[in-house]
Amino acid sequence: MSPLTREAFLLRGALAVGATYGAGAVSPFVAAALGQPLTTDVTILNFALNLEQLEAAFYADAIDMAPLSGDVLRLAQKLAANEQAHVEALTSAIKGLGGDPDPAPAFSWGGALDSQASFVKTAVQLEDIGVSAHNGAGPMLQDKKLLATAGSIVQVEARHAALVRALDGQPPTVAAFDQTLTQPQVLELVARYIQD
Amino acid sequence: MEETNVSAPGGLAHRLASDPSSRKRFLKMAGGVGTAGALGLFLAACGGSAEKQADNHIPPADDLGIVNYALLLEFLEVGFYEDVLASGLFAQSPLLKTIKLIHSNEQEHVDALASTVEQLGGTPVKDPKADFGEVINKGDKAVLALASTIENLGAAAYLAQAPKIQAPDILALALSIHSVEGRHAAALNSAAGLPFEVRGEPLQGSIPNGPFARPLDRDAVIKLLDPYLPKVANEVKEAPQ
């Protein structure tokens, strides 16, 4: 691990890029990363873990409680298994860094599990948020090996997003570049599902 | 932050500052909540004394090679979808909209990557102008099968490169493309009627490797593309490693 603080590391990267391209080319992605309150790899992985816990719980509860059938049920079962695997991988990665994995909070789904349609719409929202959250946090990771893990997870999240979007009659993507979201943006978007 | 600080011609910040449609696209990309703050930070990061302090930094050489390699893959995808659209094979298909969307996404990737290569002081690889006539002559099923494989291949190729990228903003750009390739792959594999996974076929299926996507290094990607696209191999082998 570098003795530099993360902020210094990122700033150094941004400055190098700015110098290379001539000041004008530092991308919005770096600025978003600089604005992140995430400061260590453990913090970043715990943020990712919380999102995977949210998704895993959502699909597990949906299978138990929502009136799902056919392709929707089949996909929900697949997604539930994938998200649970992500939870386990992130938990073990956090422990591997000597950190404490955050326990899963209690969730509440409002009316999201009342119908197949509301389930699909909520799944689209959660998967799209997951992709943007992972993409926003990825460049903050200091250990490149963790980036390989995070990348292998986010690609699967993107695949989930496309598949649930298809069930909702939506195109697989809204843009050529997936937007990035910072941790506060993500927390605001998912706050309604987290019980106090 | 004064916009006059954001003045490098052709730079991303310059385009955002001077071109309302670029700015709109950025705002859309940066998302809803807190967007103004993100834009402010972004502009702040671009100006001031930053460039003066960092005169000695040189770009990581590997990043240029990676971006050019990505550009080449995107050229192939754009060329493929162009040929597919021109063939009229999907003119009456409900898939036409998706194919058009993916084609336009890939074109945007080409534009972004080519301009990044230039910003890094490199020369963008040329469009290999691969010929997909043989596959297209076999009909829509063969086309869809190749599209499914190409998108899975593209996603795996980006995944392999991401941890090798040094500059954080190039990494972020690559990640934002990588996940879109994953979306394309899932959509096309599903449209091709493929299941989540196909045993023994890591490049077939909408979620072909289970919960964790597998990367594919450059040599493997080239080897897989070689039979279809013999011209590609030389281009990539010549690209800086």
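The following dialogue examines how terms are applied to this predicted model.

Tutor: Residues are numbered from 1 along each chain as its sequence is written, with chains lettered from A and ligands numbered from 1 in the order in which they are written. In this predicted model, local features need pLDDT of at least 70 and side-chain atom pairs count only at pLDDT 80 or more, while totals for chains, interfaces and linings use all residues.

Student: Why is α8(B) called roughly antiparallel to α9(B)?

Tutor: Helix α8 (residues 140–161) and helix α9 (residues 168–191) of chain B pack at an angle of about 155°, with axes 8 Å apart. Axes are lines fitted to C-alpha atoms, for helices over the stretch in contact, and angles run from 0 to 180 degrees between N-to-C directions. Angles over 145 degrees count as roughly antiparallel, under 35 as roughly parallel, 65 to 115 as roughly perpendicular and the rest as oblique; therefore α8(B) is roughly antiparallel to α9(B).

Student: Which residues of α8(B) and α9(B) meet?

Tutor: Among them are Leu144(B) and Ala147(B) in α8(B), and Ala174(B) and Ile177(B) in α9(B). Contact requires C-beta atoms, placed from the backbone, within 7 Å.

Student: What makes up the secondary structure of chain B?

Tutor: Chain B has 11 helices and zero strands, these being DSSP runs numbered from the N terminus (helices H or I, at least four residues; strands E, at least two).

Student: What is the mean pLDDT of chain A?

Tutor: The mean is 85, and 80% of residues in chain A reach 70 or more, on the predictor's confidence scale from 0 to 100. Over residues 1–31 of chain A, however, the pLDDT is below 50. Where pLDDT is low, the predicted coordinates should not be read in detail.

Technical notes: Two residues are in contact if their C-beta atoms, placed from the backbone, lie within 7 Å.
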